[in-house]
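My notes follow in the order I checked things.

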Amino acid sequence: MTDLAGRIINYLRISITDRCNLRCVYCMPPQGIRLLSHSDILSYDQIAAFSQLAVGKGIRKIRITGGEPLVRKNVEKLIAMLAPIQGLTDLSLTTNGQLLVEKAALLKAAGLQRINVSLDTLDPDRYRQITNGGSLNAVLLGIRAAQRAKLEPVKINCVVDIDHAVRERRQEERQGKRQEERREAQKEAMRQFAQKEGLELRFIHCMSLHKGDFSMVEGGSGGDCAHCNRLRLTANGMLKPCLFSDIEYNIRAMGYLEALDAAVLNKPPKGTRNNTGNFSAIGG
């Protein structure tokens, strides 16, 4: 599939739930979110059927996201439904790692190829602050479990500029120099950790959907509008051609093929802003 800007669209990110077991300061709004009802969320059969069609049209890479995808019951069942699709060459999942110890081997056995783990700091207290109560140890054990299961390469998604998000939530003021020093120390610690453990590291700068603030991912391809090759399917069946746009198509109301064609045809040349969505529900 090729859009009007000449970009080949071959990557589909699928959010399978809007629920999460963490409340990260840069992802979850301070007031929380209104959760979808069970009837609004796509079934595994619907996700698999849409994915089959999308791969037939040219999608080659699928990433499962959330919310936190591992909180959805029997997520390995969905992986087993997607893995055999003829023409799909890359099947991965992004997780915060809290449940990865118990799921890694099951995901691999079901056909998952690789995994991305969100990890923003190696300081347990700082981790609890950022995630509002998460366990750093659980993530580290989950990473090792993923490596044992050969879910490789294991990639680490590290959000930087977190002080900005914390400051906005707490309405505190911090000097720019202190923020820069903390950011560089965070990045260097993560670089050393990734090198020692054999992990691939990506730095993601804090973004704002509503303000339209985004930038390219260091060590990844996100944020590069000129070469963007992705579509996003939300947990309630809205197909979005761009994260930073309100354009979306209801695959159940329009029909799978019609929604897919419309999303590709109307993919914006560049992201602007998303006035209605939240990272916690779209999957980033």
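I began with Cys-225, which is buried at a relative accessible area of 17%. This is a predicted model, and I read it as such. I then looked for a sulfur partner. A disulfide would need the two sulfur atoms within 2.5 Å. From the other end, Cys-242 is in no disulfide either, with the sulfur of Cys-225 as its nearest at 6.2 Å. Cys-242 is also buried, at 12% relative accessible area. My disulfide count is zero.

**Helix 2 against helix 3.** I next took helix 2, residues 75-82, and its packing on helix 3. Their axes lie 8 Å apart, at an angle of about 20 degrees. Angles under 35 degrees count as roughly parallel, so I logged helix 2 and helix 3 as roughly parallel to each other. I noted the crossing as right-handed. For the contact, helix 2 supplies Val-75, Glu-76, Ile-79 and Ala-80. Helix 3 answers with Lys-103, Leu-106, Leu-107 and Ala-110. I sorted the contact residues into six nonpolar, no polar and two charged.

**Helix 3 against helix 5.** I moved on to helix 3 (residues 100-110) and helix 5 (residues 136-148). Their axes come within 8 Å and cross at roughly 15 degrees. Helix 3 and helix 5 are therefore roughly parallel to each other. Helix 3 passes helix 5 in a right-handed crossing. On the helix 3 side I listed Leu-100, Val-101 and Ala-104. They meet Ala-138, Leu-141, Gly-142, Ile-143, Ala-145 and Ala-146 of helix 5. This contact splits into eight nonpolar residues, one polar and no charged.

**Loop between strand 2 and helix 2.** Which residues does a cis peptide bond join here? I found Gly-66 and Gly-67, with omega about 15 degrees. Gly-67 lies in the loop between strand 2 (61-65) and helix 2. Asn-74 is found in that loop too, between strand 2 and helix 2. Asn-74 is not a glycine, yet its phi is positive, about 55 degrees. I put Asn-74 down as partly exposed, at 36% relative accessibility.

**Loop between helix 5 and strand 5.** I checked Lys-150, which lies in this loop. Its phi is near 65 degrees, positive in a residue other than glycine. Lys-150 is exposed, with a relative accessible area of 51%. A cis peptide bond joins Glu-152 and Pro-153, with omega about 5 degrees. I placed Pro-153 in the loop between helix 5 and strand 5 (154-160).

Note on methods:
Residues numbered from 1 in each chain as written. Predicted model: local features only at pLDDT ≥ 70, side-chain atom pairs only at ≥ 80, totals over all residues. Heavy atoms only, no water. Axes fitted to C-alpha atoms, helices over the stretch in contact; angles between N-to-C directions. Helix = DSSP H or I, 4+ residues; strand = E, 2+ residues; numbered from the N terminus. Parallel < 35°, antiparallel > 145°, perpendicular 65-115°, else oblique. Left-handed = near helix turned anticlockwise from the far one by under 90°. Contact = heavy atoms within 4.5 Å. Nonpolar A, V, L, I, M, F, W, Y, C, P; charged D, E, K, R; others polar. Buried < 20%, exposed > 50% of the residue type's maximum accessible area, 1.4 Å probe, protein only.
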